[in-house]
Amino acid sequence: MASIGDLYRVGTNLGARNALLVYKKNNEHLQKLQEQTASGKRLNESADDPAFFNMSDRLTARTRGISAAMTNVATARNILSTAEGGLKIIQELLIRVKEEITRAANDINGQQTRETSARAIDDMLGDVDDIGRETLGGDRALLDGTYTN
């Protein structure tokens, strides 16, 4: 068993105490570096660098805002692409309607041919209406004319 004199010698050993102090300081520094490495950030708490910690928070908030804006842009691009596809189909149908009207206006055609052309035109215009109602961006009809800002 150690005597009181032995404990006194260890307690007053300045070299051992200084070594312990340096060890603790190095260990704290190592823990901070490991925390920064694990999080991927240079600043993890305001004690690391108070002046730049506030700036880091603002930049993080700005980055998140830009990320949300990019997501919104991608969503808008998808909706526009959907609307454009619907408009292309409507344009093709309207070109066919024009061709059918021109064909029906020919004086050589009889009444029955004109009635058949009129039914075809009505069908195509019905398809235009259907596409207008069914072209959706999320839960909103994009081409039916009801959208208001």
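**Exercise 1.** Determine what share of the chain's residues is buried.

*Solution.* Buried denotes under 20% relative accessible area, exposed over 50%, and partly exposed the range in between (1.4 Å probe, protein chains only). By this criterion, buried residues account for 13% of the 149 residues in the chain. The model is predicted: local features need pLDDT of at least 70, side-chain atom pairs count only at pLDDT 80 or more, and totals for chains, interfaces and linings use all residues. Residues are numbered from 1 along each chain as its sequence is written, and side-chain values use heavy atoms, with hydrogens and water left out.

**Exercise 2.** Identify the residues of the largest nonpolar core and the elements that supply them.

*Solution.* A nonpolar core is a set of buried Ala, Val, Leu, Ile, Met, Phe, Trp, Tyr and Cys residues joined through side-chain atoms within 4.5 Å. The largest has seven residues: Ile90, Leu93, Val97, Ile121, Met124, Val128 and Ile131. Two or more residues come from each of α3 and α4 (111–134), and α4 gives the most, with four. Helices here are DSSP runs (H or I, at least four residues), and strands likewise (E, at least two), numbered from the N terminus.

**Exercise 3.** State which residues Ile131 contacts, leaving aside neighbours within four places in sequence.

*Solution.* Contact requires heavy atoms within 4.5 Å. Under the stated exclusion, Ile131 is in contact with Gly86, Ile89, Ile90 and Leu93.
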